[in-house]
Amino acid sequence: MRQPPHMLSRMASACALLCAAACTPSWEGTTPEMFELANIKDSNVVPKSAPRTFVAAFDTHCVSKMNAFDSIPAGLRAASYVQVPRVVPAQATQTRVQMYAVDDRRPLVMLSSDGAPPVCAVAAASRTGQTAAVDRYVARTFPNATAIDPAQISKTTERAWLTGTNPNRLVTTTRKGRPNEPASVMLMIMNAADAQNET
């Protein structure tokens, strides 16, 4: 199923923005969270989340809250996540990404809602079993999901599905790094209901 060019451009922008945010933080000002984050292990910012932990965080903080997107930050704080000071990717001048980290093996959570549609993603270091866990999760949670060509979205997108729900949403996995080097994986969901109406 081929998607409209403007939709694909928006998806690619969202992917690029969140990938950049996960890798190029820029600290601004002083916040209480900075004191808590000062002691966090570097390996726990984008941790080697267990497959079950990776998809569970995505389900809890992203998928189940997409219809109440503004409630996600409160849920993250209740789960002991701390907001990382504002991140400004070099290629983004207006859109802001909020990142939330916790000092254990749960994945980094990233939110972007300045543009339409809202985007929620989890990111972790690549670990065995994550890909299979994502496949099982998508099949179980979105039984009407349709796989689409990931190349339509971005060069780093590995897999992509339209959920077939109402509203329709796009779920993607994006990889940063090479197979023989440490890499990270991001699992993202964004509202793609307008795509269903234009295809």
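## Salt bridges, a disulfide and a charged patch

The side chains of Glu158 and Arg175 meet in a salt bridge, with N and O 3.0 Å apart; the term covers a side-chain nitrogen of Lys or Arg within 4 Å of a carboxyl oxygen of Asp or Glu. This pair links distant parts of the chain, with Glu158 in strand S6 and Arg175 in strand S7 (residues 169-176), 17 residues apart. Please keep in mind that this is a predicted model, where local features need pLDDT of at least 70 and side-chain atom pairs count only at pLDDT 80 or more, while totals for chains, interfaces and linings use all residues. Residues are numbered from 1 along each chain as its sequence is written, and side-chain values use heavy atoms, leaving out hydrogens and water.

**Salt bridges**

- By the 4 Å rule, the count comes to three salt bridges.
- Glu158 is partly exposed, at 33% relative accessible area (buried is under 20%, exposed over 50%, partly exposed in between, with a 1.4 Å probe and protein chains only).
- Arg159 and Asp135 also meet through their side chains in a salt bridge, 2.1 Å from N to O.
- Arg159 lies in strand S6 (residues 157-162) and Asp135 in helix H5 (residues 130-141), so the pair ties together parts that are 24 residues apart in sequence. Helices (H or I, at least four residues) and strands (E, at least two) are DSSP runs, numbered from the N terminus.
- Asp135 is partly exposed, its relative accessible area being 35%.
- Asp104 forms a salt bridge with Arg106, and their closest N and O atoms are 2.9 Å apart.

**Disulfide**

- There is one disulfide, the term being used for a pair of cysteine sulfur atoms within 2.5 Å.
- Cys62 is joined to Cys120, with an S to S distance of 2.0 Å.
- Cys62 sits in the loop between helix H3 (51-61) and helix H4 (72-78), and Cys120 in strand S4 (residues 119-125), so the bond ties together parts that are 58 residues apart in sequence.
- The torsion about the S-S bond is about -60°, so the disulfide is left-handed.
- Cys62 is buried at 0% relative accessibility, and Cys120 is buried with a relative accessible area of 0%.

**Positive patch**

- Lys41, Lys48, Arg105 and Arg127 form a positive surface patch.
- Patch members have over 30% relative accessible area and no salt bridge, with like charges joined within 9 Å and nonpolar side chains (Val, Leu, Ile, Met, Phe, Trp, Tyr) within 5 Å.
- Lys48 is found in the loop between helix H2 (32-37) and H3, and it is partly exposed at 49% relative accessibility.

Note on methods. Areas by Shrake-Rupley, 256 points an atom, 1.4 Å probe, with all protein chains shown as cover. Lys, Arg positive; Asp, Glu negative; His and termini not counted. Charge placed at Lys NZ, Arg CZ, Asp CG, Glu CD.
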